[in-house]
Amino acid sequence: MPNFPALKNDLILRAARGEDVERVPVWIMRQAGRYLPEFRAVRAQHDFFHVCRTPELAAEVTLQPINRYDGLLDASIIFSDILVIPQALGMEVEMLDKKGPHFPNPIVDPSGEEYLKVVSYKTNVARDLGYVYEAITLTRKLLNGRVPLFGFIGAPWTLMAYMIEGGSSKTLSKAKAFLFKHPNESHKLLQKITDIAVEFLVGQARAGAQLLQVFESWGGELSPELFNIFALPYIRQISNRVKAELSSKANPHFEELPPMAIFARGSHYALESLTNIDYDVISLDWTINPVLAKERTKGKVTLQGNADPSVLYGTPDVIRKEVERMLNAFGTSKRYIANLGHGMYPDHDPDHLKVYLEAVKEISTQKNKSNSNVKTSVISSKKRGRDNGTVIKVLDGPQVFSSYVEELKMIAFEIINTEFPLKIAEMKEISNGMDGVEGWSDDSVRFLELSEDYESESFSQESKKRKVDSDGNLVLEIDLKDTAGKVVRNIYTQTVSVNKNVIEMLKIMKPKLGQMIQGVNKVKSWIQLNIPKMEDGHNLGVSIQEEILKELGTAEDHIFGVMESINKYHTSRAKIAAKILKYPGIADFKNSINELDEVQWLNLRLTCDDIAQSYAVLYDRIKKNWDRIEKPRPDQTHINT
């Protein structure tokens, strides 16, 4: 490996390896691209792939965002393209203005000339892709240690899709049809691509790449079953084989392996699988809830992402608020790298990206500084003494209260963003007379009008009911048992479904509401210990305490009320599910459905948000008045834990 300048900023490497960081590292996919006027100036003079194949130009373009956003980006990514691998397999690839990649001769079927050429092509990676290695080495030297450098590839399935579709596609119908029609030939092609990809990534690391990312851009176009068959095995191979190769005796200069990241866009269903295939970082698109992603990956990997790129069309205030929301969701001290959920768009304003980068740096620094102050306070209290073997925690400043506020805001955010599992539309269909549910028809409604037996749960009488007009003509005849059976079976099916969803809701919500209550109690303890009477004789401290405790009591009532409502609803649903085959009255069924509706659920989420926001306002008041408040005596300022 060549000798490179010493690295001055290893923040992203530490985050990728799961180490604590003083702030969140940030870089942006397509940070070197068409949104930058300096990039457009280069492209006006040179073809896209000419820039990729010319190390000096590739290095120049790679450094453009690093120079423009000096001190705000924590990584660079080599300017290249995922489609250089198909080129190295003998395929012609063009980059057309306003259209994107284009393959003049795509793969059509296994018997076609292009497929046979690709699977038998004798690629010399060092020769055919050596220009990327040269660009990486040159860029590392020109970076002068300012930030680490990413190398990357496209994942096998994504590359195969391009090679068959001949370019971008909304449906990937040709590529997916190929999987179904020719599974064996698909695996042969995917393995060919994988072998080149492994050698290419190893070569990038040897040339100086300090992190490696695999882009499975079309992963979300596959069903979970197809993903597990045609995507997952090959991206697993890549991580395993690259790390094994770089750990071998042939590469003794790697004291620490480059962290590897996987970006499988749209493949939420595969998060658990991706967590366990030896990647250090999983990059997320903007359509997945960060809290859910953290729960599913269980802290085993670093998460990266995931702001919607379209947020950069917003005002600076909107961008900063979105950054704060994102940082609250992911956390700021460990296992997180900020990015967008996909790449920059050509019409993005470069100044808006600067706002985004500055917000990540400033907000995460402040959050980690606040958390550090809290930790320091607790550590200091442990050193100051023990009471009968019990650790004494000294609550000595509004910054501690601030940490509790941040904790509550985080819990509130999780509750607000919890997906509502109950099928509201389905429930309304039931409560509004089973409209739209199979088996519930006008005849069924008339049946209820005619039959008192339905309400009395007795069907042992006459089987058919008849209705005649004023002239004695038969206008309706219904078989009670048959019609009732259809209706009740449908009601029962719907009930079981709703009941199952309620149980899932309880699993999700009870722990979060419990955390909210614990947070409320923490705030109560702090207030009772740290807001005594004012030095100047005013009772402001006590009045603040009473006001806050009153609000906290209201908040607790809200939380317990919601928990009671959820439990009540669940109990009533369980009872109905047990009774339904005994033909209960439809009125009882309808009433119980409305016990927890969409409005009540929305109120729960708004209440939790209001609680957190009111604490933030109260914190500002406490901070403002802190110096006017008589400080508690040492014997007043402890909580036995």
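## Exercises on cavities and helix packing

In this predicted model, the largest cavity is lined by Phe263, Ala264, Gly266, Ser267, His268, Leu271, Leu274, Ile282, Ser283, Leu284, Asp285 and Ile288.

**Exercise 1.** Find which elements give two or more residues to the lining of the largest cavity, and state how the lining residues divide by class.

*Solution.* Begin with the elements: strand 6 (260-264), helix 14 (271-275) and strand 7 (281-283) each give two or more residues to this lining.

**Exercise 2.** Describe the second largest cavity by its volume and its lining.

*Solution.* The volume of the second largest cavity is about 40 Å³. Its lining includes Ile78, Asp81, Phe152, Ile153, Phe200 and Gln204, and at least two lining residues come from each of strand 4 (149-154) and helix 11. Sorted by class, the lining has 7 nonpolar, 2 polar and 1 charged residues.

**Exercise 3.** Decide how helix 6 and helix 11 are oriented relative to each other, and name the residues that meet.

*Solution.* First take the geometry: helix 6 (residues 113-120) and helix 11 (residues 183-207) pack at about 45°, and their axes lie 9 Å apart. The two helices are therefore oblique to each other, and the crossing of helix 6 past helix 11 is left-handed. Next come the residues, where Tyr115, Val118, Val119 and Ser120 of helix 6 meet Glu185, Lys188, Leu189 and Lys192 of helix 11. By class, this contact has 4 nonpolar, 1 polar and 3 charged residues.

Definitions and conventions: Residues are numbered from 1 along each chain as its sequence is written. This is a predicted model: local features need pLDDT of at least 70, side-chain atom pairs count only at pLDDT 80 or more; totals for chains, interfaces and linings use all residues. Side-chain values use heavy atoms; hydrogens and water are left out. Axes are lines fitted to C-alpha atoms, for helices over the stretch in contact, and angles run from 0 to 180 degrees between N-to-C directions. Helices (H or I, at least four residues) and strands (E, at least two) are DSSP runs, numbered from the N terminus. Angles under 35 degrees count as roughly parallel, over 145 as roughly antiparallel, 65 to 115 as roughly perpendicular and the rest as oblique. A crossing is left-handed if the near helix is turned anticlockwise from the far one by less than a right angle, and right-handed if clockwise. Contact means heavy atoms within 4.5 Å. Ala, Val, Leu, Ile, Met, Phe, Trp, Tyr, Cys and Pro count as nonpolar, Asp, Glu, Lys and Arg as charged, and the others, Gly among them, as polar. On a 1 Å grid over the protein atoms alone, a cavity is a set of points where a 1.4 Å probe fits but cannot get out, and a pocket is an open set with protein on both sides within 12 Å along at least five of seven lines; lining residues have an atom within 4 Å of a point. Grid points are joined across faces, edges and corners, and a volume is the space filled by probe spheres set on the points.
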